[in-house]
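These notebook entries record what I looked up, topic by topic.

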Amino acid sequence: MAQTIAPWFAALRKAEAKEIYLLGILPELLSPSTSPFPVIVPLGEGADAKAIGQLLCGGGSVKGPVTLPTCATVHNAIFAGTNEALERVRQLKPVERPELAAAFATLGDTGAELILTPSADTRRVVEEMLPILPKELGGGPITSVTRGLLWTAAGLSPDPEPRLQFVVQAKDAESAQALNALGKGIRQYLRQSPQVPRYAPDFAKLADDLKAEMNQDRITVVIDAQKASAWAAVLISPLRANAVRSQCTTNLKQIGLAMHNYHARHKSFPSAYTVDKAGKPLLSWRVLILPYLDQEALYKEFHLDEPWDSEHNRALIDRMPPTYHCPGGSSKRADQSKTTYLTPRGKATSFPGSEGIKIQKITDGTSNTIFVVDAGNDRAATWTKPDDWDVDPRLDPKDIFGHHPGGTPFSFADGSVRFIKETVDPRTLRDADRPRWRRGDQPGCVLT
């Protein structure tokens, strides 16, 4: 990251910018569609306001990590953000914030700092939503946190020995003791959680290395660069896994929609594969739905009467559409033309072979019938190859689940996508492969 933005920082320094602040407000932080954080650069002696504004809003000679919509000088500082945010700031009157000054002073000389100061509204909302702490964390009123915590701060010191410092400022010594006890409770709860080892196998050791110092109304934790990196991985892994899962879900929804659009045109869902006159499989269903994934040009390049590995069709394998790539799958170069999106294959599935089935045949319910699964990396198939998930009557979920912690996303014949836990009853999953009832069968139904 530093290498990427180093030229931008250098240009800001040349314009005599000494400090840069990013302002984040809780509702905006929780909204995925929000605009970038407003940026504030105080104008010290000799600062070039015009050059700084251009660098923040995309008009400078060096491109920054983000281009903000508008810039203006407000209260002897450059403010860059949305027009709405700028208008709000212009109407504000300067107010002393002693807690911010104290937090910055406590961290001392650092390279980067993060200050969190709960507002009165934030405290009130938390108290209304969670008046009592969970019993796993000792119970008790949430006011021990909302009223006892004044601010928290984190500072990164790069030299001479890189370290990360966390400071929690409490209202008084009694509040500090309560917050410290809560921290220990959270640590113990995470130790006992079966989910934590998926993201952090060494969590117990990391937790033991985390030592808090109490100094009356203040709690301080200092960790070196190596441990800070390990903790960063622990915190980022769940966020990354959720982002991957979200993108994978979007891909499966697009695939499901493409299949339904294919049905609307051809009066049936795509077959599992096409065949030649002798009945030999040629190309996968993934090729057949290309026109409904905005890939009609690529579809037209295929020789549909030739197998997936013919000299002509083989040259198209490297052009796998992004929709067929789960970001949680293997990132090896050899696998870039492989996909983990597979349909169930077999007589009692929605993709029995070379003939597509009509939606009317799915009498077990489209919401109960599996269309596509994001399988494990070891099952990844070349996307044009007529290769999928051959369902074993003795189905074990572990055989199909893969790179998503705790389970994997499945798309269903109604276009929905659900995350199925790896603890699902194999019989339930097997029933959901079937598009129709037969005598003695139970309806396929997957519960998440």
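**Entry 1. Salt bridges**

Which side chain meets that of Lys-300 in a salt bridge? I found that Glu-296 does, with 3.9 Å from N to O. I counted a salt bridge where a side-chain nitrogen of Lys or Arg lies within 4 Å of a carboxyl oxygen of Asp or Glu.

Before going further I noted the basis of the work: this is a predicted model, in which local features need pLDDT of at least 70 and side-chain atom pairs count only at pLDDT 80 or more, while totals for chains, interfaces and linings use all residues. Residues are numbered from 1 along each chain as its sequence is written, and side-chain values use heavy atoms, with hydrogens and water left out.

Lys-300 and Glu-296 are both in helix α13, four residues apart, which is about one turn of the helix. I took helices (H or I, at least four residues) and strands (E, at least two) as DSSP runs, numbered from the N terminus. Lys-300 is exposed at a relative accessible area of 64%, whereas Glu-296 is partly exposed at 42%. For these words I used relative accessible area: buried is under 20%, exposed is over 50%, and partly exposed is in between (1.4 Å probe, protein chains only).

I then noted a network in which salt bridges with shared partners join Asp-121, Arg-124 and Glu-128. Within it, the side chains of Arg-124 and Asp-121 meet at 3.9 Å, N to O. Arg-124 and Asp-121 are separated by about one helical turn because they are three residues apart in helix α6 (residues 120–129). Arg-124 is partly exposed at 39%, and Asp-121 is exposed at 52%.

I also looked up Glu-16, which forms a salt bridge with Lys-18, the closest N and O atoms being 3.2 Å apart. Glu-16 is partly exposed at 29% relative accessibility, and Lys-18 is exposed at 66%. A search of the whole structure gave nine salt bridges.

**Entry 2. Nonpolar cores**

How many residues does the largest nonpolar core have? I recorded 35; those with the most contacts inside it are Ile-255, Met-259, Ile-289, Phe-302, Tyr-324, Val-372 and Trp-383. A nonpolar core here is a set of buried Ala, Val, Leu, Ile, Met, Phe, Trp, Tyr and Cys residues joined through side-chain atoms within 4.5 Å.

The elements giving two or more residues to this core are α11 (225–266), β11 (281–284), α12 and β15 (370–374). Helix α11 supplies the largest share, seven residues.

Leaving aside neighbours within four places in sequence, Val-372 is in contact (heavy atoms within 4.5 Å) with several residues, including Leu-252, Ile-255, Met-259, Trp-285, Tyr-341 and Phe-410.

**Entry 3. Aromatic rings**

I recorded nine aromatic pairs in the structure. Rings of Phe, Tyr and Trp (its six-membered ring) pair if their centres lie within 6.5 Å; planes under 30 degrees apart count as stacked, over 60 as edge-to-face and the rest as tilted.

Trp-285 and Tyr-324 form an edge-to-face pair, 6.4 Å centre to centre with 80 degrees between the planes. This pair links distant parts of the chain: Trp-285 is in helix α12, and Tyr-324, 39 residues away, is in the loop between α14 (311–314) and β12 (338–339). Both Trp-285 and Tyr-324 are buried.

Next I looked for charges over rings, that is, NZ of Lys or CZ of Arg within 6 Å of the ring centre and within 35 degrees of the ring normal. The charged end of Arg-245 sits over the ring of Phe-419, 3.7 Å from its centre. That of Arg-418 sits over the ring of Phe-412, at 3.8 Å from the centre.

**Entry 4. Positive phi**

Most residues other than glycine have a negative phi. I noted Asn-76, which has a positive phi near 60 degrees. Asn-76 lies in the loop between β3 (70–74) and β4 (77–81) and is exposed at 53%.

Asp-294 likewise has a positive phi, of about 60 degrees, although it is not a glycine. Asp-294 is in the loop between α12 (285–288) and α13 (296–301) and is exposed at 75%.
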